[in-house]
Amino acid sequence: MYTLGIETSCDETSCAVLKGYRVLSNVTLSSLREHKKYGGVIPEIATRAHLVNIDQVTRLALEESGLSLAKIGLISVTAKPGLIGALVVGLNFAKALSFALKKPFIGVDHLLAHLFAPFLDHQETLKFPFLGVVISGGHTEIYRVDDFNKVKMIGATRDDACGEVFDKVAVSYGLGYPGGPQIDKLFNPAYCRDFKFKCGRIGFDLSFSGIKTALMYKKIEFEKKGTVDGRLRQRLISSFQHTVFETVVSTIQEAAEKLKIKTIVCGGGVLANNYLRRLLKAKEKQGLKMLITPRQFSGDNAAIVAGLGFYLYNKRGLSSSFRLEAGAS
Ligand code: KG4
Ligand code: ZN
């Protein structure tokens, strides 16, 4: 069966075509450039960009797959979570296609779709249970996953998400938006212990707002002394990145030990980070199996949405009702 995936939860308008779990096309157009000058995503701008782009992105994805709409057997779309106006555009587009083609559609949770990413093109590796870890611009969450419809959250950030803190620290250090890739580039492991920072932890919950404030105060302190230069900035940023990811990775490891689960599946935009990938991989030496989302599927994209939708449709044989609303379960 061919599945058409649609993702519009934030600033990426994305459409993908899958044959089973094989990705035939995955086209993404981001409105990122329009948000840059504001230092973050503006929901109204993102929503309008989806309206303008969704038709074109769908045409391109179909063209690249070599299929016509008539061949599509299932439409899978992000129903939650995300910016509400942005979700409404994708969901209604999917409903309209489903109605016109007389083909089922299924609304899926975009966070769980991030956890499906390592299984695209590799469905044979999918085994339960696993510890699911989503690290993105909007979420930092740890789940016990017994199946994709049997998921229990065991930890989450109490305040800012991990990617959000990277973005905010980067803006205050003049690195621009989005900050994650800039901090990744600037990071130098030789400087990662130059400053002592700390992240909050309560059980398996995390808190990043404190380290964000600490970074801002450090900057003010050095500015007052007049000693800020490129190297100092790099030392501060490297210590920051090291502290955040050390905390995240040790929390994951402790959660896995407590739940006696050996397989960890990691997804979300922050998984593009080189240092985080290295720290996670290093845990394999301690007996954990790390399934880390390939870089091309780590950010928001429709292939992961199509994969999860196809999986759930096969499992339950159920599609969504036209009454399904954006943001609802
Ligand atoms: O999953 P995603 O594309 O969108 C959300 O659902 O939030 O994640 C976007 C986040 C942004 O905060 C961005 O700064 C971060 O992922 N990010 C990175 C890197 N590339 C993107 N963070 C750290 N290092 C990177 N290389
Ligand atoms: Zn995401």
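In what sense do strand E6 and strand E11 pair, and over how many bridges? Strand E6 (residues 130–135) and strand E11 (residues 263–267) run parallel to each other and share 4 bridges, where two strands pair if DSSP finds at least two bridges between them. Helices (H or I, at least four residues) and strands (E, at least two) are DSSP runs, numbered from the N terminus. The model is a predicted one, in which local features need pLDDT of at least 70 and side-chain atom pairs count only at pLDDT 80 or more, while totals for chains, interfaces and linings use all residues. Residues are numbered from 1 along each chain as its sequence is written, chains are lettered from A and ligands numbered from 1 in the order in which they are written, and side-chain values use heavy atoms, with hydrogens and water left out.

The E6–E11 pair belongs to an open sheet of 5 strands in the order E8-E7-E6-E11-E12, with mixed pairing. Its edges are strand E8 (150–156) and E12, each of which pairs on one side only. On average, neighbouring strands here are turned by 25° against each other, direction ignored; axes are lines fitted to C-alpha atoms, for helices over the stretch in contact, and angles run from 0 to 180 degrees between N-to-C directions.

Helix H9 lies across E6, E11 and E12, at about 155° to E12. The axis of H9 (residues 274–282) also comes within 10 Å of that of helix H8 (residues 230–259), and the two cross at roughly 35°. This crossing is right-handed, meaning that the near helix is turned clockwise from the far one by less than a right angle. On the H8 side, Gln241, His242, Phe245, Glu246, Val249 and Ile252 meet Tyr275, Leu276, Leu279 and Leu280 of H9, contact being heavy atoms within 4.5 Å. By class, 7 nonpolar, 2 polar and 1 charged residues make up this contact; Ala, Val, Leu, Ile, Met, Phe, Trp, Tyr, Cys and Pro count as nonpolar, Asp, Glu, Lys and Arg as charged, and the others, Gly among them, as polar.

Glutamate 284 is found in the loop between H9 and E12. This residue counts as partly exposed because its relative accessibility is 33%, given that buried means under 20% relative accessible area, exposed over 50% and partly exposed in between (1.4 Å probe, protein chains only). Leaving aside residues up to four places away in sequence, glutamate 284 touches Lys289 and Met290.

A further open sheet has 5 strands in the order E3-E2-E1-E4-E5, again with mixed pairing. Strand E4 (residues 74–80) and E5 run parallel and are joined by 5 bridges, with glycine 107 in E5 as the bridge partner of valine 77. Helix H2 (residues 43–65) packs on this sheet, touching strand E1 (2–7), strand E2 (12–19) and E3, and its direction makes about 25° with that of E2. Helix H3 (residues 84–101) packs there too, touching E1, E4 and E5, at about 155° to the direction of E4.

Turning to the metal, the zinc ion (ligand 2) is coordinated by His110 (NE2), His114 (NE2) and Asp300 (OD) at 2.0 to 2.2 Å. Donors are N, O and S atoms within 2.8 Å of the metal (3.2 Å for Na, K and Ca), and water is not among the atoms, so sites may look incomplete. The donor residues follow the spacing H-x3-H-x185-D in sequence. Histidine 114 in helix H4 (residues 110–116) and aspartate 300, in the loop between strand E12 (289–292) and helix H10 (302–316), link distant parts of the chain, 186 residues apart. Both histidine 114 and aspartate 300 are buried.
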